[in-house]
Amino acid sequence: MKKSVIALVLVVLFSCNEKLIEKPENLIAQETMTNILYDLAIINAAKSSSVKILQQNNIETMDYIYKKYNIDSVQFVRSDSYYASIPATYFDIYNAVESRLDNEKTVWDAKKKEEVDEVQKKNQEARNKLRKADEKKPN
C-alpha cells in the first residue's frame, strides 16, 4: 500500500513536468500576458457597469486588446493555452493580475474616502456657519 502511494505521487510529479503543449513561435511574453489579462479584467468589470459607454465608443474588448498589444487572436489563444499547460507559471500570472487589481482597488478606495471626507468636512463647516448665524439672531 505504501509503495503504491509513493509510486502514484512520483507519477503525478513527473507528469506535471511534462510539456503538454509545445511553446509557440510567437509566444507572448509572460509580463505582457499579465498586462493583457489585467486589461481584460478591467474591461470585463467595465462591461458589467458601463455597457452603454463601451457601446457608444464602439469598443470591442478583444479587438481593443489585439490592437493595443499588436497581437492577433491565434497568438493570444496559443500563448494562453501554453501558459495554462504550465500550472505554476499560469498561477504566477494570475497572482500578478490579482495583486495589481488589489493595489488599484486600494488606491481607488483611498481616493473615494478622501472625496467623502472632503464633502463631509464642507457639510460640517456649512452646518457650523448656520448654527452661528442662528445663535446671532435675536429671539
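This is a predicted model: local features need pLDDT of at least 70, side-chain atom pairs count only at pLDDT 80 or more; totals for chains, interfaces and linings use all residues.
The protein chain is built from six helices and contains zero strands. Followed along the sequence, these elements give the pattern α-α-α-α-α-α. Among the contacts in the protein chain with a separation of 6 or more, 72% join residues 24 or more positions apart.

The surface may be considered next. The protein chain comprises 139 residues, and 19% of them count as buried. Its accessible surface is about 11,300 Å², and carbon and sulfur atoms contribute 56% of that area.

Attention now turns to the aromatic rings. A pair of such rings is described by the distance of the centres and the angle of the planes. The count of aromatic pairs in this model comes to two. One of them is formed by Y90 and Y94, with 5.0 Å from centre to centre and 70 degrees between the planes. This pair is classed as edge-to-face because its angle is over 60 degrees.

Both tyrosines belong to helix α6, which spans residues 87-136. Y90 and Y94 are four residues apart, about one turn of the helix. Are these two residues buried or exposed? Y90 has a relative accessible area of 18% and therefore counts as buried, the limit being under 20%. Y94, at 39% relative accessibility, is partly exposed, because this value falls between 20% and 50%.

Definitions and conventions:
Residues are numbered from 1 along each chain as its sequence is written. Side-chain values use heavy atoms; hydrogens and water are left out. Helices (H or I, at least four residues) and strands (E, at least two) are DSSP runs, numbered from the N terminus. Buried means under 20% relative accessible area, exposed over 50%, partly exposed in between (1.4 Å probe, protein chains only). Contact means heavy atoms within 4.5 Å. Accessible areas come from the Shrake-Rupley method with a 1.4 Å probe; for residues, only the protein chains shown count as cover. Rings of Phe, Tyr and Trp (its six-membered ring) pair if their centres lie within 6.5 Å; planes under 30 degrees apart count as stacked, over 60 as edge-to-face and the rest as tilted.
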